[in-house]
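Student: I have a structure open and would like to go through it with you. Can we take it piece by piece?

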Amino acid sequence: EKKPACILQHPDGTVLKQLQPPPRGPREMQFYSMVYAEDCCDPCLLDLQRHLPKYFGTWSSPESPNELYLKLEDVTRRFQKPCIMDVKIGQKSYDPYASYEKRDQQIKKYPLMEEIGFLVLGMRVYKVNSDGYDSYDQHYGRGLLKDTVKDGLSKFFYNGTSLRKDAITASILKVQNILRWFEGQIQLTFYASSLLFVYEGLPPPNPEGHIPRGLPEKTTYAACCEPNEDVLEHNNNVCVAVPLDYSLSTMYTMHKKGCTRGHHGNVTAATTDPNPQAHNSTWKCPGLVSSEQPNGNGVKAQLEEEEVGEGGRGEPQPEQRASEVEVRMIDFAHVFPSESQDQGYIYGLKHLLEVLQQILHQ
Ligand SMILES: Nc1ncnc2c1ncn2[C@@H]1O[C@H](COP(=O)(O)OP(=O)(O)OP(=O)(O)O)[C@@H](O)[C@H]1O
Ligand SMILES: O=P(O)(O)O[C@@H]1[C@H](O)[C@H](O)[C@@H](OP(=O)(O)O)[C@H](OP(=O)(O)O)[C@H]1O
């Protein structure tokens with residue numbers, strides 16, 4: 001049985017995702033290596049990069065050099081009060097190589113996957129009045145039916161006072177871009193992969209520039225996590241990572257199933273196979289097999305500041321609003337080469353877009 005992956009937060013603005021046991025972990029690593037290969041010149045894959053977290057190669061700690069992690073951009077990093085939703089996309093959450101038992105397990109988990117095309121795995125919603133979060137786990141998502149999925153999903157955009165139509169509009173724009181990518185490619189198929197939605201829960205400052213009373217101006221977390229090239233380039237083996245606060249699906253299982261933090265915040269994790277082997281599926285992109293070193297220096301990339309539309313105080317311009325939301329594809333343990341459009345994923349995206357439009361116009 002699959003053990004939960006540990007997602008750890010590194011102070012340099014990245015997260016570390018522990019490689020899952022084969023074939024899942026190596027397959028996900030292969031996927032990221034292919035999309036971010038330095039010599040990759042496939043426009044389709046280059047275009048895909050903007051819908052994924054940035055990838056900084058693999059990482060391992062000096063104490064456990066065989067335990068590999070994927071070093072990824074922390075998509076929640078630039079937000080002060082991140083509202084986060086993880087939605088599994090597609091009509092099938094098992095891949096074509098799944099055993100009968102596995103298919104059965106997945107279908108039983110959410111029989112409506114085929115009809116609805118997506119499943120809410122978790123949500124974390126900031127409430128302005130209480131300055132706290134409401135959390136919804138995967139059982140909440142599995143309880144959503146055809147006629148309740150709209151209301152179920154709309155809770156992600158309700159801050160206790162108002163419906164965040166700005167965040168819905170921005171999310172729609174981003175999902176449309178992802179849909180366009182899928183409609184233009186026939187080389188990859190995604191099963192059990194997710195979209196991670198993030199928007200800023202903190203209300204914008206009023207025109208005078210005052211943050212509403214009772215709310216912090218900036219968390220210390222954000223202040224200590226400015227991009228640090230030094231850490232990225234030279235100091236990869238100093239792991240002061242901590243479990244990701246915002247991980248929707250892994251936190252409780254981590255405690256349950258034995259991912260532990262050692263002293264000085266160093267991380268030891270119990271679930272990685274020491275000898276990950278690549279799944280024998282063949283990929284089309286040349287230069288796929290990565291030349292990464294397990295110390296995280298294999299892929300050099302810069303943490304760039306995204307535009308956050310904060311050029312001035314007050315309301316951002318409409319075109320800036322889309323940049324205030326993140327919608328990224330994550331979780332690639334079941335990505336396979338293909339020769340046709342990914343109809344299951346496209347179906348899910350289109351239905352998700354329909355539901356978002358309905359929430360916006362209700
Ligand atoms: N790049 C990222 N930035 C921020 N948060 C992330 C990132 N990747 C993953 N997470 C958080 O970690 C959670 C789990 O990630 P992911 O789905 O990749 O791991 P997993 O163990 O395969 O999960 P699952 O048990 O759902 O299959 C996500 O729901 C999200 O909250
Ligand atoms: O969330 P739960 O209830 O723990 O259920 C797990 C969840 O559906 C995972 O997505 C799945 O892994 P994949 O997405 O990789 O298939 C895993 O399959 P597994 O039991 O085969 O590990 C399930 O156990």
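Student: Which residue stands opposite Lys88 in E6?

Tutor: Lys88 stands opposite Leu119, and the two strands concerned, E5 (residues 82–89) and E6 (residues 118–127), run antiparallel and are joined by six bridges. Strands here are DSSP runs of E with at least two residues, helices are runs of H or I with at least four, both numbered from the N terminus, and two strands pair if DSSP finds at least two bridges between them. Please keep in mind that this is a predicted model, in which local features need pLDDT of at least 70 and side-chain atom pairs count only at pLDDT 80 or more, while totals for chains, interfaces and linings use all residues. Residues are numbered from 1 along each chain as its sequence is written, and side-chain values use heavy atoms, leaving out hydrogens and water.

Student: What order do the strands of that open sheet have?

Tutor: The order is E7-E6-E5-E9-E13, five strands with antiparallel pairing, and the edge strands, each pairing on one side only, are E7 (132–136) and E13 (325–330).

Student: Which helix lies across E9 and E13, running at about 35 degrees to E13?

Tutor: That is H7 (residues 165–183), where contact means heavy atoms within 4.5 Å, and angles run from 0 to 180 degrees between the N-to-C directions of lines fitted to C-alpha atoms, for helices over the stretch in contact. Helix H12 (residues 343–361) lies across E5, E6, E9 and E13, at about 30 degrees to E9.

Student: Switching topic, why is E4 described as largely enclosed?

Tutor: Five of the five residues of E4 (residues 69–73) are buried, so the strand is largely enclosed by the rest of the structure; buried means under 20% relative accessible area, exposed over 50%, and partly exposed in between, with a 1.4 Å probe and protein chains only. Strand E2 (residues 14–18) pairs with E4 in the antiparallel sense over five bridges, and strand E3 (residues 55–59) is joined to E4, also antiparallel, by three bridges.

Student: And what stands opposite Tyr69 of E4?

Tutor: Trp59 does, and Trp59 is buried with a relative accessible area of 1%, while Tyr69 is buried at 2%.

Student: Why is the ring pair of Trp59 and Tyr69 called edge-to-face?

Tutor: The ring centres are 5.6 Å apart and the planes stand at 70 degrees, so the pair is edge-to-face. Rings of Phe, Tyr and Trp (its six-membered ring) pair if their centres lie within 6.5 Å, and planes under 30 degrees apart count as stacked, over 60 as edge-to-face and the rest as tilted.

Technical notes: Chains are lettered from A and ligands numbered from 1 in the order in which they are written.
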